[in-house]
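Please look over the chain shown here.

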Amino acid sequence: PKFKAFVGHSLSPESLLKGTIHVNSYSMDLLMDAYNQTKKNRISLTPFMDLTIPSVYDNTLCPPGYHVMNCFMQYTPYHPNNGEPVSPISHEQIKKVFLEQINEYLEEPLDIHYMDILTPFDLENLLGLTEGNIFHGSIGLDNLFSNRVSGKVGGIWLCGSSAHPGGGVMGAVGKQVSQRILS
């Protein structure tokens, strides 16, 4: 993908695609609007998108001249209703929003040969994540840091994303629990 922001940059486009690319994160108002849309069970029309392009590091993932792009879109409701009675999430609607938003940042529209969309409902059914939430619950101020469950509850050691200190997939919870068990 050729991002408009890369035009005239001294670094090569390939090196600029390394790491994480954030889309629609340039203001708190925009992020709050995306979140507030989801609170109303609507798919945000300007979602925060966290992009990675792993084929920059491993060119065996796709044919020459192409890339693999992962996109984590926030916020996507579990049961979007868009003002109507609750209905299953539309993969086509998610695709439409993604393409409209990403293409705003590109010199040319994406040439997509395959797209796999996993909604919160899909994540719940495929991976057992309650309501498809990778953090196992809201990450509001009331659920951060020491406000999260920690350690052993009954006979079970908690070491998932919802336990203190949280953090998604960084592994800090598992490290903490293993250290406590071994001590």
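Tyr35 sits in helix H2, which spans residues 28–39. This is a predicted model. Is Tyr35 buried, partly exposed or exposed? Its relative accessibility is 32%, so Tyr35 counts as partly exposed. The cut-offs matter here: buried means under 20% and exposed means over 50%.

Tyr35 also belongs to a nonpolar patch on the surface.

Three strands make up an open sheet. Their order is S1-S2-S3, and the pairing is antiparallel. Which strands stand at the edges? S1 and S3 do. Each has a single partner strand, so one side of each is left without a neighbour in the sheet. On average, neighbouring strands of this sheet are turned by 20° against each other, direction ignored.

Strands of a sheet pair through backbone hydrogen bonds, either parallel or antiparallel.

## Strand pairs

Take S1 and S2 to begin with. S1 covers residues 20–23 and S2 covers residues 48–52. Four bridges join the two strands, which run antiparallel. Across this pair, His22 stands opposite Asp50 in S2.

How many bridges link S2 and S3? There are five, again in the antiparallel sense. S3 holds residues 70–74. Two facing positions can be named for this pair. Met49 stands opposite Met73 in S3. Leu51 stands opposite Cys71 in S3.

## Gln74 in strand S3

Gln74 lies in strand S3. Is this residue buried or exposed? Gln74 has 17% relative accessibility, so it counts as buried. The limit for that label is under 20%.

What does Gln74 touch? Leaving aside residues up to four places away in sequence, Gln74 is in contact with Ala34, Pro47, Phe48 and Phe135. Of these, Phe48 falls within S2, the strand of residues 48–52.

## A helix across the strands

Helix H3 is made of residues 91–104. Which strands does H3 lie across? H3 lies across S1, S2 and S3. H3 runs at about 80° to S2. S2 is also the strand that pairs with S1 and with S3.

Definitions and conventions. Residues are numbered from 1 along each chain as its sequence is written. This is a predicted model: local features need pLDDT of at least 70, side-chain atom pairs count only at pLDDT 80 or more; totals for chains, interfaces and linings use all residues. Side-chain values use heavy atoms; hydrogens and water are left out. Two strands pair if DSSP finds at least two bridges between them. Buried means under 20% relative accessible area, exposed over 50%, partly exposed in between (1.4 Å probe, protein chains only). Contact means heavy atoms within 4.5 Å. Patches are made of residues with over 30% relative accessible area and no salt bridge: like charges are joined within 9 Å, nonpolar side chains (Val, Leu, Ile, Met, Phe, Trp, Tyr) within 5 Å. Accessible areas come from the Shrake-Rupley method with a 1.4 Å probe; for residues, only the protein chains shown count as cover. A salt bridge is a side-chain nitrogen of Lys or Arg within 4 Å of a carboxyl oxygen of Asp or Glu. Axes are lines fitted to C-alpha atoms, for helices over the stretch in contact, and angles run from 0 to 180 degrees between N-to-C directions.
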